[in-house]
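Please examine the sequence and the structure shown below before reading on.

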Amino acid sequence: MRARLPLRLARTAAFAAVCVTLAALAHVLGGGAAPAPQAAALGLAGVSALGLALCGRERSAGTISLALVGAQVGLHELFAGEGASYVSVHAHAQGGLAVNAGMLLTHLTATVITGLWLSRGEAALWSLLRRAGRRLLVLLPPAAAPVSRPCAPVVRTRMVPPQPGFRHSVARRGPPLPA
C-alpha cells in the first residue's frame, strides 16, 4: 500500500515535529543552550525533507530508528553550531562531533523514545488504513465483470495463386442437397 500526498504530508509533519521537539529538549537537558528559532526552523525543514522522502510507504522500526539517529546527529550539530566561533570552540573542547556523555545520552534517549513512538504510530496507522480499505471494499457493490466471449481461433493459411486456366472458374462444391 502506497501513501498519497495528503497522508504523506501529515506523516511528515508528525515525524518532523516530534523529532525536532525532542532533539531540542534533549539538547537543553544534555547541557546545551536552547536552539535559536532560525536553527529550529532550519532543522524542521531538513527533517521534513527527510521525512517526506521516506514516508511513501510503511517503514519498519529499524528503518525509522536509523533515520532518527541520522536526524538527531544532524540536529545536534545544527543546535550546537549557532555561531561560527562557537562551533570551533565547541568542536575543539568536546572533540569530533562535539559530543559529551550527557549530550550523547540525552540524544540517544530522544532517539529511542521517538523511534518507539513513531514505529507504534506507524503500525497503528497502516493497520487502520488496511481495515478501512477492506471495509470499503465490502460496502462497494461488486463491479460488473466484463463478459468474455470465446473467440473463434484464427487460422492462417497460405493462399496459392490460381492457375491461369482456372482463374475464371466458379467452384460450387458443397454438401449434397437433401432428397
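## A buried glutamine

A residue counts as buried when its relative accessible area is under 20%. Glutamine 72 has a relative accessibility of 3%, and therefore counts as buried. This residue lies in helix α3. Apart from neighbours within four places in sequence, glutamine 72 is in contact with Cys19, Ala23, His107, Ala110 and Thr111. The model described in this report is a predicted one.

## Overall composition

The protein contains 5 helices and 0 strands. Read along the sequence, its pattern is α-α-α-α-α. Of its 179 residues, 25% count as buried.

Contacts between residues at least 6 apart in sequence can also be examined: 82% of them join residues at least 24 apart.

Helix α1 covers residues 5-29. The buried residues of α1 include Arg11, Thr12, Phe15, Ala16, Cys19 and His27.

Glycine 30 is found in the loop between α1 and α2. With a relative accessible area of 15%, glycine 30 is buried, because the cut-off for this class is under 20%. Leaving aside neighbours within four places in sequence, its contacts are Asn100, Gly102, Met103 and Thr106. Glycine 30 and asparagine 100 are 70 residues apart along the chain, and their C-alpha atoms are separated by 8.7 Å.

## Helix α1 against helix α2

The axes of α1 and α2 come within 8 Å and cross at roughly 135°. The two helices are therefore oblique to each other. Their crossing, in which α1 passes α2, is right-handed. On the α1 side the contact is made by Arg8, Leu9, Thr12, Phe15, Ala16, Ala17, Cys19 and Val20. On the α2 side the residues are Ala40, Gly43, Leu44, Val47, Ser48, Gly51, Leu52 and Ala53. By class, this contact of α1 with α2 has 11 nonpolar, 4 polar and 1 charged residues.

Which residues does glycine 51 contact, leaving aside its neighbours within four places in sequence? They are Thr12 and Phe15. Glycine 51 and threonine 12 are 39 residues apart in sequence, whereas their C-alpha atoms are 5.0 Å apart in space.

## Helix α2 against helix α3

Helix α2 (residues 37-54) and helix α3 (residues 61-80) have axes that come within 10 Å and cross at roughly 160°. That angle makes α2 roughly antiparallel to α3, because angles over 145 degrees are placed in this class. The crossing of α2 past α3 is right-handed.

In α2, the residues that meet α3 are Ala39, Ala40, Leu42, Gly43, Val47, Leu50 and Leu54. Their partners in α3 are Ala67, Ala71, Leu75, Leu78 and Phe79. By class, the contact of α2 with α3 has 11 nonpolar, 1 polar and no charged residues.

The 20 residues of α3 should span 28 Å at 1.5 Å a residue, and the end C-alpha atoms are 28 Å apart, which agrees. The buried residues of α3 are Ile64, Ala67, Leu68, Ala71, Gln72, Leu75, His76, Phe79 and Ala80.

Helices α1 and α3 pack at an angle of about 50°, with their axes 10 Å apart. That makes α1 oblique to α3. As α1 passes α3, the crossing is right-handed. Phe15, Cys19, Val20, Ala23, Ala24 and His27 in α1 meet Leu68, Ala71, Gln72, Leu75, His76, Phe79 and Ala80 in α3. The residues of this contact divide into 10 nonpolar, 3 polar and no charged.

Terms used
Residues numbered from 1 in each chain as written. Predicted model: local features only at pLDDT ≥ 70, side-chain atom pairs only at ≥ 80, totals over all residues. Heavy atoms only, no water. Axes fitted to C-alpha atoms, helices over the stretch in contact; angles between N-to-C directions. Helix = DSSP H or I, 4+ residues; strand = E, 2+ residues; numbered from the N terminus. Parallel < 35°, antiparallel > 145°, perpendicular 65-115°, else oblique. Left-handed = near helix turned anticlockwise from the far one by under 90°. Contact = heavy atoms within 4.5 Å. Nonpolar A, V, L, I, M, F, W, Y, C, P; charged D, E, K, R; others polar. Expected span 1.5 Å × (residues − 1). Buried < 20%, exposed > 50% of the residue type's maximum accessible area, 1.4 Å probe, protein only.
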